[in-house]
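Please read the following report alongside the sequence and the model.

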Amino acid sequence: MSTGLADGNRMMRGRDDEIRALDRLLDAARAGRGGALMVCGEPGMGKSALLGAAAERAGGLRVLTAAGSEAESGLVFGGLHQLLAPLWADPGLLAGLPPAQLEALHIAMGLRTAPCTDFLLYTAVLRLLDDAAARQPLLLAIDDLHLWDATSTAALMFVARRVAGRPVAVLFAVEGADGGDVSLPMLLLRGLVPQEAHEVLDGLGVARDVPYRQALIAAAAGNPLVLTELAAGAADMAEDGTPAPGVPARSRLRSMFGERLRGLPGATRSIMVLAAADSTSRAGVIAGAAARLGLDVAALEPAERAGLVERRGDDLIIRHSLTRSLARDEAGPAALRAAHRALAGELGARGEEDRALWHHAMAAEGADETLADRLEERASLVAQHGGLAGTANALRLAAALSGTPRDRGRRLAAAGYAAWKSGQPTLARSLAAECAVTSLVPEAAAMLERLRGLIALGDGDQRAAYDHLTRSARALARERPEFAVGLLFMAAIAAHHADLSDGFASVAGDIVGMSPGFARYGRLLGGITDLAPAADPWRLRAEAPAALRAGDVHQWLWPLIISKFSTPRLAYAFGLEAESEFSANGMHAVLTLPALWLSELEHELGLWPQGIARAEEGLRSARDTGQRSKQADFHAVLAMFAAMRGDAAECWRQARHALELALPLHNRLAAARSTWALSLLDLSAGSYEIAAERLETIGDPHSPVAHAHVGRLAAADLVEAHVRAGDFERAHRAFGAFEPWAERAAAPLPGHLLRRCRALLAGKDDDRGKLYAEACADAAAEHPFEYARTALLYGEWLRRTRRSGRARPLLRMAYETFERLGASPWTCAAQTQLRPTGGGPATTLANGALTPQELRIARFAATGMSNREIGTRLFLSPRTVGYHLHKIFPKLGIANRAQLRDLDLPEP
């Protein structure tokens, strides 16, 4: 850590609340529950000291530390290299990793140059830490995370969001008030109150009766480092010789450190510039670079005496990040470039070409096309080796060194696309803004529109995404029609989310007319919301135009979305392979699409544990990649699951999150689905009028939660709500709007819902019985929940009309289906109807006290998943899954995993 241990201990005085938060995090890791905490604050507030205190209090935990530096922020894998180096030294730990993951880590550590993907690298890091934690719980203490390279940061964020249920604590320190990532728990370091400041001064040996003590506290304005630094020179101060209390603490720190730097001899300041520009902290590298400038590293001694640097073994550490930035700022451009040239020469001589190239780029003055080409080539290799998150920085630097506006614009657009694809929308937007003020040829301008549209699709206004993508596609249609068709497909997704029915039809028509090879796909795409005839995704992919099959994204997304609405089971099998392909290729920003569609299919097919787990993982991925619109989609799906399970609090929580995210972004699909979830909650609770009111807003085009397709799918629920409320006039009106669409739809579900609604509205008992019987004769495999609801309505009607014998098998089937799915409100309703028929439900075994992680494993195992499949889903090793199952069986009073299927396991 950048603050010395003794100073850190003194700065922790008065931080009782913060220490308790640390202890809770450490205790969670010791208990196997895990957790992550983002420590935020302005410079000098004690972030580094808090991390040092955590390391001191981490008894029983293995502590891994790393710290970011400004000079290394552009060096791909630099942070991971620091953090994982101690684990890398343990051959026994590495021997347990799967070969592909071990290869990925070799690449990150600079020992291989084979192709890799971001996702594989991230999962490899998680697996390595998981295996290490199985030996001894871990604390990862990461200082100055905001100065880490993008790939290392992305990998650690991936880990931090997945340590729940693991014996791992992750502690980040970040400069600022919000940490830049609100999805992790945050601890904001506040300023010291006067009593706490007195305690710090007591620890520093400043007597209570010295006349300037109060002036020190006032001047520090609650900043512990300012107070410590002022107190260090307090013996030489006059009673009134303190800085003005109105000066901000950061300015005061800069002033103090700046004065110390300016007071150093010239040779010392020059070597301080080298140390500040260096990304290794290795004394040998700094000494070698100094020699290239005719300097002796021994000249650093005055800086050591001033407390600005310290030697730790073979390392030379600048003790505070502010000193590093001040040394760079005060050096001036020419001196800083000279330092980078010297470091580039030294690192190149040591065979560290990547670091040397980076320093060469930092030393460049003006355009350098040769260097720009090398950086562009390096960016391509970095992307192939799992560093896609860091590719954008290399391309951005290459753009800055470009010799022509054309090359600058091209490289900036490529950098923006790399940033978007790796899940960095903020950086992608920044690069798009840079690109926009550059002279662009027409094709580059069209690519900029494409970038803006892709950013908006995941993290912006869905209507704007549609506009950008269609403009880009139409600009590229003549020269690159197949590429333009792909953009139109993404525009269709935006139109579907924004409920732009005319836009959806327009895009489908453009596809038909733009490329003869894609005409069939344009027609199929145009018919999906009307549930066109069944489509086999495998055949669609096999018979696709060569341009589609050559694409790494669209050859999977097109068949999946076209078949999803008509053949759910086939689409599901196809989607699983698509998701695996996207994961293997590191396409994080795109991965959320198949994950969303698969969770929706798992909802339809009755695979609820898998669907919930996938939606939760999708939500984490959407947060990882900064996709707010996709976050809204996953919250809405989770709200649907919660509604059907009868978890009112969770349904409301997820629906609120969905609506808060969806409404400003005009993601009407998520808004409508979350509203539908709340109405299902009302319907199952007997609040029929409220359910009907909510459902009507989905079909009202003037409502902000309206969505035509969702409204049609929810129409059967609206009819039922009106019928149960006794309002048959409005029920018939709702059915009248639903019937034409359901009659022309070729997929089985609309026909099933159509017959259910006709039965509910039938005027004669004979007609009602016939219609219910026809509905219950439908194949139920692909929509078990809807089929069970129809069976419940039919059985309820049969029982009311005194035909209990015929009602009993229907009600029992409905009860067993609802119980298997975990649809608690409907299970209770079926049980209530079944009991008077003499067919009461079978008893279920009670659960033992399982942890949330054990519940997740038990529920997956109950569905028939193997230990390896469960481990893949939860990022655990198969051995760890087996260990958990060994503990689960005695708790539940069972002997094997087959018996799990007979238990009523609650949600974790």
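## Basis of the model

This is a predicted model, in which local features need pLDDT of at least 70 and side-chain atom pairs count only at pLDDT 80 or more, while totals for chains, interfaces and linings use all residues. Residues are numbered from 1 along each chain as its sequence is written, and side-chain values use heavy atoms, with hydrogens and water left out.

Buried here means under 20% relative accessible area, exposed means over 50%, and partly exposed lies in between (1.4 Å probe, protein chains only).

When its neighbours within four places in sequence are left aside, Phe738 is in contact (heavy atoms within 4.5 Å) with Arg712, Ala715, Pro750, Leu753, Leu754 and Cys757.

## Helices 21 and 22

Helix 21 (residues 405-421) and helix 22 (residues 425-436) pack with their axes 8 Å apart and at an angle of about 165 degrees, where axes are lines fitted to C-alpha atoms, for helices over the stretch in contact, and angles run from 0 to 180 degrees between N-to-C directions. Helix 21 is therefore roughly antiparallel to helix 22, a term for angles over 145 degrees. On the helix 21 side the contact involves residues including Arg408, Leu412 and Trp420, and on the helix 22 side residues including Leu427, Leu431 and Cys435.

## Cysteines

Zero disulfides (pairs of cysteine sulfur atoms within 2.5 Å) are found in a search of the whole structure. Cys776 is buried, with a relative accessibility of 10%, whereas Cys828 is partly exposed at 45%.

## Residues with positive phi

Most residues other than glycine have a negative phi. His666, however, has a positive phi near 55 degrees; His666 lies in the loop between helix 35 (648-662) and helix 36 (668-685) and is partly exposed at 25% relative accessibility. Arg802 also has a positive phi, near 65 degrees, and is placed in the loop between helix 43 (784-800) and helix 44 (804-821), where Arg802 counts as exposed at 79% relative accessibility.

How values were computed. Helices (H or I, at least four residues) and strands (E, at least two) are DSSP runs, numbered from the N terminus. Angles under 35 degrees count as roughly parallel, over 145 as roughly antiparallel, 65 to 115 as roughly perpendicular and the rest as oblique.
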